[in-house]
Amino acid sequence: MSTYDVAIIGSGPGGYVAAIRCAQLGMKTAIIEKYDTLGGTCLNVGCIPSKALLDSSHHYHDAIAHFEDHGIEISGDIKANLKKMIDRKQNVVDTNTSGIKYLMDKNKITIYHGMGSFVDATHISIAQADGKTEEIEAKNIIIATGSKPSTLPFIKLDKKRVITSTEALSLKEIPKHLVVIGGGVIGLELGQVYKRLGAEVSVIEYMDRIIPTMDASLSKELQKVLKKQGVKFYTKHKVTAVKAGAKEVTITADDKKGNPVEFKGDYCLVSVGRKPYTDGLNLDKAGVKANEKGQIDVNDHLQTSASNIYAIGDVIKGAMLAHKAEEEGVFVAETIAGQKPHIDYNLIPGVVYTWPEVAAVGKTEEQLKEAGVDYKSGQFAMRALGRSRASGDIDGFVKILADAKTDEVLGVHMCGARVADLIAEAVVAMEFRASAEDIARMSHAHPTYAEAVKEAALDATGKRALHS
Ligand code: FAD
Ligand code: NAD
């Protein structure tokens with residue numbers, strides 16, 4: 001039987017990053033993945049393919065809606081070739097997943113393909129596709145088995161008409177009318193993909209606003225812009241039934257007043273969140289406990305109820321984000337190696353890759369109000385930037401929330417072009433506990449979208465923005 005210092009179950013961004021860090025720290029490491037390709041949800045059916053389709057559909061939309069403004073005339077029809085877009089997306093995925101295989105080999109990490117399940121706290125049985133089973137032994141084990149789409153109790157996901165993000169990333173036709181249940185990250189990103197490609201898109205959201213966990217100002221701005229782009233929103237609507245026919249889906253919901261309303265579409269995307277995935281792991285054989293939400297219980301060291309077994313990423317509490325899983329992968333590897341790592345969960349940014357993008361880090365205004373924190377706010381509109389006018393991307397703003405007395409930055413909320421990248425400046429600033437004045441006094445290259453961060457900081461620190 002092969003023995004390892006560490007065995008990791010699951011090769012998503014949590015698992016594969018943990019494996020690399022363990023190997024860097026000199027541990028003999030194995031990684032177990034039930035699918036043929038490495039990379040987990042993120043690389044195969046999540047972050048990467050969704051961004052590939054967002055980029056392709058963005059180019060198409062620019063060509064039909066914005067090229068003319070820039071003096072670019074195209075004679076003849078501009079057509080969206082969905083098959084080619086999906087093929088390109090798959091190429092992007094394949095390049096990325098083979099990149100992970102390269103990284104595993106480079107770091108001398110042993111890869112096992114098969115379903116891992118606990119025999120006991122130090123042994124894992126791996127059931128391979130060809131029916132063979134192999135058992136390995138490991139001193140330490142990291143569970144990184146991720147998550148799967150969740151649904152509502154009365155919805156049957158037939159994966160043909162009533163679909164999850166996984167099917168939405170590989171459709172064979174552009175929907176005529178895509179009805180999206182859930183105005184969160186997946187619903188808005190994939191809704192925008194198909195809106196740009198010509199589908200009618202209706203988003204039904206249970207709460208009173210889309211992206212309800214983010215700062216309310218971001219929900220408002222994004223909904224306004226997406227509405228201008230033609231996406232229809234039905235907030236405060238409670239879906240009560242979903243019925244799929246051969247070519248049509250009927251969705252029934254109670255509207256704001258409690259009256260039943262009906263939506264008919266050719267596809268219905270169910271994007272109401274994801275649930276931790278622990279099927280087949282045999283957690284009880286290892287003495288690992290999960291909570292009522294199905295998440296594996298961990299302590300501050302991400303250690304489970306079995307002291308040599310750790311859990312990271314979507315399968316435990318916290319934001320279901322690739323970069324959160326990665327941080328936890330590094331954290332656990334370093335903990336096993338005897339180091340004392342640290343993660344500041346408050347500084348894990350959240351991004352929505354619509355256009356305009358939405359990005360945030362730290363506390364929202366709602367959270368600060370609830371906690372009774374005395375804060376001040378500075379805001380700067382993207383449309384006031386020379387850079388935004390040059391590109392034509394004038395929607396959105398940057399908002400900085402700072403402590404009323406100390407001026408320390410407590411939260412940064414952005415909507416606009418390239419804010420997914422701009423948010424890194426806010427994370428750095430907050431990591432070093434910068435004040436709004438610190439950001440305001442740093443030189444920001446002109447003309448850039450980043451100038452909005454400086455201007456918002458100037459506004460927060462003393463209502464002295466220069467360009468508004
Ligand atoms: P996963 O990536 O889910 O990987 C778990 C792996 O474990 C899988 O490969 C699975 O096959 C394997 N596995 C499970 N059980 C076993 C077993 N018993 N034996 C062997 N293998 C097993 N996050 C972002 O930060 N940015 C984004 O832009 C983003 N976009 C997304 C878009 C979509 C459409 C979706 C669905 C998700 C997106 N996410 C995004 C979320 C992100 O994908 C997850 O947070 C991330 O993948 C979690 O990583 P993980 O390592 O915990 O688990
Ligand atoms: P989500 O939690 O982001 O959004 C789910 C939405 O569905 C929420 O707005 C919620 O209020 C709504 N909802 C819940 N029940 C409902 C009901 N009965 N009727 C109508 N609406 C209902 O979940 P998601 O969009 O499915 O994404 C799943 C996970 O994947 C998220 O945790 C997210 O972090 C991750 N993800 C991240 C990115 C990114 O980082 N850009 C992209 C995609 C997915």
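Let me begin with Ser165, which is in contact, meaning heavy atoms within 4.5 Å, with Ile186, Leu190, Leu269 and Arg274, once its neighbours within four places in sequence are left aside. Ser165 lies in helix H5, residues 165-168; helices here are DSSP runs of H or I with at least four residues, strands are runs of E with at least two, and both are numbered from the N terminus. At 7% relative accessibility, Ser165 is buried. Buried means under 20% relative accessible area, exposed over 50%, and partly exposed in between, with a 1.4 Å probe and protein chains only.

A word on conventions. This is a predicted model, in which local features need pLDDT of at least 70 and side-chain atom pairs count only at pLDDT 80 or more, while totals for chains, interfaces and linings use all residues. Residues are numbered from 1 along each chain as its sequence is written, chains are lettered from A and ligands numbered from 1 in the order in which they are written, and side-chain values use heavy atoms, with hydrogens and water left out.

I turn to ligand 1. Around ligand 1 there are 39 residues, of which Glu33, Thr41, Lys51, Gly116 and Ala322 come nearest; a residue is counted as near if one of its heavy atoms lies within 4 Å. By class, this shell holds 17 nonpolar, 17 polar and 5 charged residues. Here Ala, Val, Leu, Ile, Met, Phe, Trp, Tyr, Cys and Pro count as nonpolar, Asp, Glu, Lys and Arg as charged, and the others, Gly among them, as polar. Helix H2 gives the largest share of the shell, 4 residues. Oxygen atoms of ligand 1 lie 2.6 Å from a side-chain N or O atom of Lys51, 2.9 Å from a polar backbone atom of Gly14, and 3.3 Å from a side-chain N or O atom of His323. The protein covers 95% of the 1000 Å² of accessible area that ligand 1 has on its own, with areas from the Shrake-Rupley method and a 1.4 Å probe.

Ligand 2 is next. Which residues come nearest among the 21 around ligand 2? They are Ile186, Glu189, Glu205, Gly273 and Val351. The shell divides into 13 nonpolar, 5 polar and 3 charged residues, and helix H6, residues 185-196, supplies the largest share, 3 residues. An oxygen atom of ligand 2 is 2.9 Å from a polar backbone atom of Ile186, a residue that Ser165 also contacts. A polar backbone atom of Gly273 is 2.8 Å from an oxygen atom of ligand 2, and one of Val351 is 2.8 Å from a nitrogen atom of ligand 2. The protein covers 78% of the 830 Å² of accessible area that ligand 2 has on its own.

Next, the backbone. Most residues other than glycine have a negative phi, and most peptide bonds are trans. The bond joining Trp355 and Pro356 is cis, with omega about 5°, and Pro356 sits in the loop between strands E18 and E19. The bond from His446 to Pro447 is also cis, omega being near -5°. Lys108, not a glycine, has a positive phi of about 60°, and is exposed at 71% relative accessible area.

Finally, the cysteines. How many disulfides are there? The count is 0, a disulfide being a pair of cysteine sulfur atoms within 2.5 Å. The sulfur of Cys22 is 19 Å from the closest cysteine sulfur, that of Cys42, and therefore too far for a bond.

Note on methods: A polar contact is a pair of N or O atoms within 3.5 Å; within protein, one must be able to donate a hydrogen and the other to accept it, and residues adjacent in sequence count only if both atoms are side-chain atoms.
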